[in-house]
Amino acid sequence: MPVDEQPKEARMTAPVQHRRILIDDIDTFYRIAGPPDAPAILLPHGYPCSSYEFRNLIPRLADRWRLIAPDYPGAGYSATPDDFDYSFDGYAAFLDHFVQALGLDRFALYLHDFGSPIGARLAIRAPDRITALIIQNGDVPYEDALGPKYADIEATWALPPADMRRAIGNSITEASFQEEFLNHVTPDIADRIPPDLWKLHWSLMTPRRKEIAIELIAGLKQNRLWFPRHRQYLADHQPPTLVVWGPQDHYMPEASARAYLRDLPNAELHLLNGGHWLLETHLDEVVALMREFLQRVDGA
């Protein structure tokens, strides 16, 4: 079929390349697509996931943008070195070195799940690099807007450190991975979420990677102290922001999305009828919103 006779959506795709690069001597896997000279979008992934979460989004926007999604050390198809700093700060430093290695001096940031505190740290390092934020069910820096599932994590903070890590470790199972990806969405939405997500990522879990996950989740307590810096960055720099949210999320419900408007009153907010993993269930809607928003940012 000639290209101009194909459906519009079929023409709005581009091939994704799967590459490896050494970042600080760490074998790093990443996905990339789009014209080399196009405006860039950096896609830091969440937990318990990898760049795989962006596999469907990347080709849908790569006709006009350059999209890059790395796997963090200890996640996905990247290496798991023993001497890496597996913390939010450590991952932000890694991302900083990654974008420098790729020559990215200006880019939009997609902030989702743990990618939000990691990406925000990256933005604070060099605010002038950030052209825009797309925030989709990201870990929010507003204590009073967190969902009820955070209470389960906070309950471990009162335990002695060894007991806290043991409790977190006991909660890291294939069944809990499945629960993380389904996350209390309605049955009709749950049917759209492929089991590949928890099956793949559980198959990549090793004893060392489980230790890493324990440390990262335990680090949420310390991360709470960092919330004011995150909020101050938003208030001071006012990056153009699209907030697109699935309210069926027991970690980050509708109140979490609306909380961003306290520091970003000009942000564009859209609530979709979904949950934490909108790119699995509402990809068309997210793509349309991102395309329109980024075109306006590029035009400005």
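At 6% relative accessibility, Asp113 counts as buried, where buried means under 20% relative accessible area, exposed over 50% and partly exposed in between, with a 1.4 Å probe and protein chains only. Asp113 belongs to strand 5, and its phi is positive, about 55 degrees, although it is not a glycine. This is a predicted model, in which local features need pLDDT of at least 70 and side-chain atom pairs count only at pLDDT 80 or more, while totals for chains, interfaces and linings use all residues. Residues are numbered from 1 along each chain as its sequence is written, and side-chain values use heavy atoms, with hydrogens and water left out.

**Backbone geometry**

Most residues other than glycine have a negative phi, and most peptide bonds are trans. Asn137, in strand 6, has a positive phi near 50 degrees and is not a glycine. At 0% relative accessibility, Asn137 counts as buried. The peptide bond from Tyr47 to Pro48 is cis, with omega near 0 degrees. Pro48 sits in the loop between strand 3 and helix 2 (57–61). Helices (H or I, at least four residues) and strands (E, at least two) are DSSP runs, numbered from the N terminus.

Eight strands form an open sheet in the order 1-2-4-3-5-6-7-8, with mixed pairing. Two strands pair if DSSP finds at least two bridges between them. The edge strands, strand 1 (17–23) and strand 8 (268–271), each pair on one side only. From one strand to the next the twist averages 20 degrees.

| Strands | Sense | Bridges |
|---|---|---|
| Strand 1 and strand 2 | antiparallel | seven |
| Strand 2 and strand 4 | antiparallel | four |
| Strand 3 and strand 5 | parallel | three |

Strand 1 and strand 2 form a hairpin with two residues between them, and Asp24 in the turn has a positive phi of about 55 degrees. Ile23 has Ile26 in strand 2 as its bridge partner. Strand 2 (residues 26–33) is mostly covered, with seven of its eight residues buried. Ile32 stands opposite Ile68 in strand 4. Leu42 is opposite Leu109 in strand 5.

**Cores**

A nonpolar core is a set of buried Ala, Val, Leu, Ile, Met, Phe, Trp, Tyr and Cys residues joined through side-chain atoms within 4.5 Å. The largest nonpolar core has 72 residues, and those with the most contacts inside it are Phe107, Leu109, Ile172 and Tyr260. A second, separate core of 29 residues includes Ala14, Trp65, Leu283 and Leu289.

Contact means heavy atoms within 4.5 Å. Leaving aside neighbours within four places in sequence, Phe107 is in contact with Ala40, Leu42, Val99, Leu122, Arg129, Ile130, Thr131 and Ala132.

Pro73 is found in the loop between strand 4 (66–70) and helix 3. At 0% relative accessibility, Pro73 counts as buried. With neighbours within four places in sequence again set aside, Pro73 is in contact with Ile26, Ser78, Ala79, Pro81, Phe84, Tyr86, Tyr91 and Phe94. Pro73 and Tyr91 are 18 residues apart along the chain, and their C-alpha atoms are separated by 8.0 Å.

**Helix packing**

Helix 4 (residues 115–125) is mostly covered, with nine of its 11 residues buried. Among the buried residues of helix 4 are Gly115, Pro117, Arg121 and Leu122. The buried residues of helix 4 pack against strand 3, helix 3 (88–101), strand 5, strand 6, helix 11 (220–224) and helix 12 (227–237).

Two packed helices are described by the angle between their axes and the distance between the axes. Axes are lines fitted to C-alpha atoms, for helices over the stretch in contact, and angles run from 0 to 180 degrees between N-to-C directions. Helix 4 and helix 12 pack at an angle of about 60 degrees, with their axes 10 Å apart. Helix 4 and helix 12 are therefore oblique to each other; angles under 35 degrees count as roughly parallel, over 145 as roughly antiparallel, 65 to 115 as roughly perpendicular and the rest as oblique. Ser116, Ala120, Ala123 and Ile124 of helix 4 make the contact with Arg229, His230 and Tyr233 of helix 12.

The axes of helix 6 (residues 161–170) and helix 10 (residues 207–218) come within 9 Å and cross at roughly 120 degrees. In this pair, Met164, Arg165, Ile168 and Gly169 of helix 6 meet Lys210, Ile214, Glu215, Ile217 and Ala218 of helix 10.
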